[in-house]
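Good morning, and thank you for making time for this item. Please look at the display as I speak.

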Amino acid sequence: MTETDATVFVVDDDAPMRESLRNLIRSVGLRVELFASAQEFLRSKRPDVPSCLVLDVRLPGLSGLDLQRRTTEAGMEIPVIFITGYGDIPMSVRAMKAGAVEFLTKPFRDQDLLDAIQQALERDRKARDQRAAIEELRKRFASLTPREREVMKRVVAGLLNKQIGAELGTSETTVKLHRHQVMEKMGAGSLPELVRMAEKLGIPVPKS
Amino acid sequence: MAEFAESKNDFPIEASIPDCTVSLESILCTEQLRRRPWRPPDYKKENHALVALLSARLDPQSNILQTLAETILDVTQCDSSGLSLLTKDDGGKRFYWPAIAGTWKPHIGGGTPRDFGPCGDVLDRNCTLLFKHFERRYPYLLPVMPPAEECLLVPFYVGGKAVGTIWAIMHGDRRKFDAEDERVMSTLGQFASLAYQSLESIEDLKLQIAAREKAEAAVRQLASGLEAKIRRLVDANIIGICVWNLEGEIIEANEAFLQMVGYSREDLLTGRVRWRDLTPAEWRDRDERAVAELKATGTAQPFQKEYFRKDRSRVPVLLGAAMFEGSGNEGVAFVLDLSEQKRAEEALRASEERWSKLAENSSAGIALIAPDGRFIAANLALQKMLGYTEDELQGRTASDITHAEDRAATEAHIAEANEGQRRVRRVEKRYLRKDGGVMWADVSTVFVPASGSNSAFFSAVIVDRTERKQAEEELHQKEVSLREAQTALAHISRVTTMGELTASIAHEINQPLAAVVNNAGACLRWLAAQNLEEARQSASLVIADGHRAGEIIGRIRALAKKAPPQKDWLDLNETIGEVIAMAGSEVRRNRISLQTQLANDLPLILGDRIQLQQVILNLLINAIEAMSGMREGPQELWVSSQKVTEIPGESTEERYEDRALADAEWTHVLIAVRDSGPGLDPKGLDRLFNAFYTTKPKGLGMGLAISRSIIEAHGGRLWATANASKGAVFQFTLPIRDERMS
């Protein structure tokens with residue numbers, strides 16, 4: 001992922017404002033996509049790159065805060081920076097609680113917006129990395145046979161091979177074989193690493 | 001024996017007080033009577049004399065006392081004789097001489113004070129005395145001539161009480177009194193006593209007869225007067241009078257009686273009116289008691305009973321009766337018709353009952369209260385209102401159950417009424433109920449002073465006003481809220497317009513400003529990156545944004561014009577009515593007379609209801625405030641509406657005709673607000689509608705500017721002129737058709 005891949009989405013109903021934002025964001029080497037309304041943004045097909053949303057609070061139709069709620073509900077975890085002509089405290093509190101990165105009142109300092117954008121993109125990058133890692137683990141977990149998954153659940157739960165064999169009605173040797181397969185397929189170098197993977201996958205592990 | 005005075009009645013007592021230089025003993029010679037030779041008794045002569053005296057006593061025509069005097073003269077052969085009697089009218093202070101014979105006879109009727117002559121000595125010593133020249137001791141008798149040589153005096157008594165003396169006198173020495181004279185005089189003294197008693201009896205009898213005659217005359221006079229009076233009473237028919245007998249008959253009756261019982265005189269004359277038949281069975285016993293009383297005492301005390309009338313209806317009467325003296329059978333009865341009285345009593349009882357029921361069932365509380373404030377009686381309504389029973393109230397005073405804040409006033413009212421001031425009073429006050437709650441009440445009290453056997457009291461009518469009071473409070477609260485709302489509305493209309501204006505300005509200006517900042521920031525970055533083309537483009541964007549900001553400022557100037565109103569079809573008269581309702585309390589508070597003259601055929605106007613209300617309210621409040629400083633002259637406010645026709649090209653004042661050229665040519669509705677305030681300063685007229693221009697100490701100077709903006713946004717005009725007579729006129733037009741509104 002390079003800087004040029006990152007894209008900033010701008011939603012503002014005021015065309016000159018949109019244009020000035022595009023100009024400003026482009027001047028620091030970021031890609032910009034402009035939208036005049038929330039609906040337009042929701043309908044668009046967006047590139048799968050690190051991104052953030054610069055959102056005017058007051059929009060015709062769906063407001064900026066409504067859009068923020070919609071994206072969260074839809075699992076579109078995109079960091080939001082609010083800009084507004086005149087914001088009040090309750091409005092900004094609502095926005096920040098809903099996960100906004102920044103809440104800027106027009107006219108804001110150009111650097112404040114650019115800093116917020118960098119912060120938002122960084123947050124999105126991390127989130128995307130995490131999502132990618134989990135996706136990889138899921139793929140690996142999916143490659144396990146049903147028997148291997150049963151064994152893995154019990155291994156990360158801290159059971160001994162003998163116990164697992166007794167529970168599953170197989171010999172300790174067979175369990176050892178499955179366990180090896182699990183470590184191999186999941187790409188785990190050690191038991192603690194496997195436990196961490198299981199945690200990320202949402203498999204119950206005992207708290208030490 | 002004797003005593004004399006020159007005049008009969010006129011003797012000066014003080015001038016003749018005896019000096020007593022001559023002792024009584026020196027003039028007495030009684031003991032000589034025994035020593036003197038005495039003549040034999042002449043019984044024949046004596047008997048003769050006594051017979052004469054007795055005959056005189058039996059003959060009322062003769063003067064027995066004079067006969068006695070003459071008998072003494074005859075029997076004793078003396079020169080003068082007579083009687084001295086003590087006066088009775090002054091308790092015996094004097095002697096008088098009712099009978100004298102012989103030489104001193106001319107002195108009949110004379111007399112002396114009791115102690116100024118020898119008679120007093122005789123009575124004091126209570127025995128016969130013989131005096132010699134008594135004038136030596138009693139100079140009072142000196143003038144009585146001839147003087148008495150010797151005087152024999154004998155006292156006489158009646159019932160043991162001294163009455164007087166008889167006496168015999170010798171004026172010379174022709175003979176001297178002896179023991180025989182003494183004896184005869186004693187006998188005659190006893191006779192004198194008898195004679196005196198006879199005389200007394202006769203006198204008493206005469207007096208008795210005279211008294212009786214006088215009494216009889218009086219009785220006769222009284223009787224004749226009484227008879228006349230009774231006759232008048234009978235004839236006057238004021239009360240019924242009848243003569244009856246014990247057999248049950250009515251012998252005579254006056255008209256009043258006959259009318260009372262409904263019979264005619266013919267009925268009476270034919271004996272058909274019988275008092276026993278007139279009496280209902282249950283009254284017969286009472287009649288018998290009265291008859292018994294009549295027989296015993298002659299009269300029957302008045303009593304109440306009933307009679308049957310001829311038509312068998314009943315009449316209540318009061319009856320008193322008396323027997324005729326000596327008849328034993330007949331009597332008279334006085335009968336008073338009690339129908340009216342009974343009716344009045346019945347009416348009074350019914351009235352009392354009605355009042356009592358009314359008081360008991362009244363929804364108002366009614367109480368009787370003693371002068372000290374203690375409850376005497378309370379009706380059910382009051383008991384319910386206060387939660388106390390009548391018994392509990394009787395143990396309390398009005399003050400006890402009065403709210404603490406009203407207690408002093410209540411006590412003062414009671415005291416004032418007791419002192420005779422303000423007997424009637426109506427107050428609004430608070431009571432404390434038994435449950436501790438407060439009851440507002442209208443209380444009307446009347447103090448009734450003591451009269452006769454009735455003691456003084458208050459009557460009080462108490463009406464529960466708690467609900468009304470609460471309603472009043474609520475109403476008051478509502479009025480206060482409304483007034484606050486109005487004030488707030490007027491303020492808000494100013495402030496929000498300002499606030500919205502600034503918010504809009506901020507928003508509109510912030511957009512290009514933010515764009516300027518963005519583009520300028522980008523420009524700097526492009527320059528730093530040596531990308532001149534992008535930098536140039538950024539600079540042009542900054543310029544464009546700057547222009548845009550300028551355009552926005554221009555647009556904001558006409559913001560009110562351009563702000564799209566919330567348009568509805570409005571009945572302007574209705575809108576005016578709503579505003580007048582809102583301003584009503586302000587109008588009343590300032591004692592302003594508000595009149596409307598609204599055209600009843602106004603077309604509906606497309607406009608923003610709230611904004612137009614604000615304009616009218618603003619004009620009304622301005623007018624009210626303009627007049628509030630006035631001390632003189634009528635404060636009048638007129639609001640009018642009418643249809644007008646616009647004549648383009650004329651000045652504002654002459655631009656609108658209130659006369660249509662043709663029916664369809666009405667172009668505008670004109671609303672005018674006129675006041676009788678101090679009017680407008682012609683110099684300020686031009687600036688009147690400028691923003692921030694004000695003549696009021698607290699004004700923002702935005703009202704008229706905003707109002708004009710609103711009216712112009714509706715395609716109309718707002719302007720001000722001086723009122724024809726006094727004050728100012730603010731008026732605005734609104735187009736009937738929406739052609740002017742974009």
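**The sheet in chain B and other local features**

Let me begin inside the sheet, at strand 6 of chain B, where B:Cys151 has B:Ile169 as its bridge partner. Before I continue, please note that what you see is a predicted model.

Within it, B:Leu85 is partnered with B:Gly164 of strand 6. How much of strand 6 of chain B is covered? Eight of the 10 residues of strand 6, which spans residues 161-170, are buried, and the strand is thus mostly covered.

Let us now step back to the whole sheet. It is an open sheet of six strands in chain B, in the order 3-2-1-6-5-4, with antiparallel pairing. Which strands stand at the edges? They are strand 3 (111-113) and strand 4 (129-132) of chain B; each has a single partner strand, so one side of each has no neighbour in the sheet. From one strand to the next, the twist averages 25 degrees. One of the residues involved is B:Phe95, whose bridge partner in strand 3 is B:Thr112.

Two helices deserve mention here. Helix 4 (residues 64-76) of chain B packs on the sheet and touches strand 1, strand 2 and strand 6 of chain B; its direction makes about 55 degrees with that of strand 2. Helix 5 (residues 118-125) of chain B lies across strand 1, strand 2, strand 4, strand 5 and strand 6 of chain B, and it runs at about 50 degrees to strand 5.

I turn next to aromatic pairs. A pair of aromatic rings is described by the distance of the centres and the angle of the planes. Over all chains, the structure holds eight such pairs. In one of them, the ring centres of A:Phe82 and A:Phe103 are 5.9 Å apart and the planes stand at 45 degrees, so this pair is tilted. A:Phe82 lies in strand 4 (residues 80-84) of chain A and A:Phe103 in strand 5 (residues 102-105) of chain A, so the pair ties together parts that are 21 residues apart in sequence. Both A:Phe82 and A:Phe103 are buried.

Another pair is formed by B:Trp244 and B:Trp275: the centres are 6.5 Å apart and the planes at 75 degrees, so the arrangement is edge-to-face. Because B:Trp244 lies in strand 7 (residues 240-245) of chain B and B:Trp275 in helix 9 (residues 275-278) of chain B, the pair links parts that are 31 residues apart in sequence. B:Trp244 is buried, at a relative accessible area of 5%, and B:Trp275 also counts as buried, at 10% relative accessibility. In chain A, A:Phe9, A:Phe35 and A:Phe41 form one aromatic cluster.

Charges over rings come next. The charged end of B:Arg286 sits over the ring of B:Phe303, 4.0 Å from its centre. B:Arg674 lies over the face of B:Trp638, at 4.9 Å from the ring centre.

In helix 9 (residues 191-201) of chain A, the buried residues are A:Leu194, A:Met197, A:Ala198 and A:Leu201. Why are they on the same side of the helix? They cover an arc of only 100 degrees around the axis, which puts them on the same side of helix 9. These residues pack against helix 5 (110-143), helix 6 (146-156) and helix 8 (172-186) of chain A.

By contrast of chain, helix 20 (residues 703-713) of chain B has eight of its 11 residues buried, so it is largely enclosed by the rest of the structure. Just after helix 20, B:Gly715 takes a positive phi of about 80 degrees.

Finally, B:Ser399 is placed in the loop between helix 13 (390-394) and helix 14 (404-418) of chain B. B:Ser399 is buried, with a relative accessible area of 8%. Not counting residues up to four places away in sequence, B:Ser399 touches B:Arg407 and B:Glu411.

How values were computed. Residues numbered from 1 in each chain as written. Chains lettered and ligands numbered in written order. Predicted model: local features only at pLDDT ≥ 70, side-chain atom pairs only at ≥ 80, totals over all residues. Heavy atoms only, no water. Buried < 20%, exposed > 50% of the residue type's maximum accessible area, 1.4 Å probe, protein only. Helix = DSSP H or I, 4+ residues; strand = E, 2+ residues; numbered from the N terminus. Arc of directions from axis to C-beta. Contact = heavy atoms within 4.5 Å. Pairing = 2+ DSSP bridges. Phe/Tyr/Trp six-rings, centres within 6.5 Å; stacked < 30°, edge-to-face > 60°. Lys NZ or Arg CZ within 6 Å of the ring centre and 35° of its normal. Axes fitted to C-alpha atoms, helices over the stretch in contact; angles between N-to-C directions.
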